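Dear colleague,

I am handing over the structure that I promised you, and below it you will find my notes on what turned up in it. Please read them with the model open beside you.

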Amino acid sequence: MNTSTIPYHPLRKARLAMNRVTYARLDTEVAVLVEMIDEMKEEEVQEVIDVLLSRAVHSDKELWGKVTGGVLQGVKDPRLVRRVLHNKCEINFNMYQQQDVTVSDGLVKYMAALLRNNVMSSKIIHTCLITLLFGTSVDKSSTPTPLSIQLACSLLSLTADLLDPTRAHYYIRRLDQLQPHYTSPAIHYIQEIMSLHENNWVPFPSRALGYNVLRQTGYEV
């Protein structure tokens with residue numbers, strides 16, 4: 001993910017504002033980012049989104065989801081920022097989904113936070129789930145990698161209650177069809193997401209393992 005040194009003063013100021021972001025300083029630093037982005041050309045906005053995406057992937061996704069939502073609410077041209085953000089998320093998802101579990105898991109959780117903060121369209125979430133569960137083409141004879149299964153289950157656990165129920169059920173049927181192809185840990189994630197689906201996507205507070213833990217801390221391949 002591109003986090004190269006930013007050469008221009010407005011971009012440096014935006015980066016410093018991101019360094020200071022906390023829940024307590026959220027509104028203050030979002031206001032600085034909004035002011036800076038409103039003065040930027042599109043290529044500079046892309047640089048800022050690159051840095052923001054890197055911070056979000058490697059730290060508190062919910063915090064950065066709120067930062068992103070606040071920026072979109074405040075900037076003069078939210079369509080530009082939203083378009084750049086969506087493009088960057090899709091590019092990085094396609095680049096890292098089978099290469100780096102830390103980045104791909106972090107990106108999935110950030111995208112879920114964006115959906116919950118009304119920043120990201122559910123269409124992109126559906127595109128990611130189709131890619132993870134079916135590959136680049138909807139070919140039911142293909143078998144996703146265990147990492148794809150884990151990422152799909154993680155994304156579903158975080159977003160399924162916000163998706164169209166028919167589409168969510170479609171992904172559940174696909175996972176059910178795939179179960180015989182896997183052993184632990186992939187089969188564990190499938191079984192957990194099936195249980196979550198049966199419970200109307202309400203997490204089980206009494207469970208020590210599974211998605212109550214996975215949704216907070218991630219998982220190992």
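In which helix does Gln 150 lie? Gln 150 belongs to helix H8, residues 146–159, where helices are DSSP runs of H or I with at least four residues, numbered from the N terminus. Please keep in mind that this is a predicted model, in which local features need pLDDT of at least 70 and side-chain atom pairs count only at pLDDT 80 or more, while totals for chains, interfaces and linings use all residues. Residues are numbered from 1 along each chain as its sequence is written, and side-chain values use heavy atoms, with hydrogens and water left out.

Gln 150 is buried, with a relative accessible area of 1%; buried means under 20% relative accessible area, with a 1.4 Å probe and protein chains only. Its C-alpha atom is separated by 8.0 Å from that of Ile 190, which is 40 residues apart from Gln 150 along the chain.

As for the cysteines, the structure holds 0 disulfides, a disulfide being a pair of cysteine sulfur atoms within 2.5 Å. For Cys 89, the nearest cysteine sulfur is that of Cys 128, 8.3 Å away. Cys 89 is buried at a relative accessible area of 0%, and Cys 153 is buried with a value of 0%.

Finally, Ile 190 returns in the contact (heavy atoms within 4.5 Å) between helices H9 and H10, where His 169, Ile 172, Leu 175 and Asp 176 of H9 meet Ile 190, Ile 193, Met 194 and His 197 of H10.

Best wishes

Note on methods: Helices (H or I, at least four residues) and strands (E, at least two) are DSSP runs, numbered from the N terminus. Buried means under 20% relative accessible area, exposed over 50%, partly exposed in between (1.4 Å probe, protein chains only).
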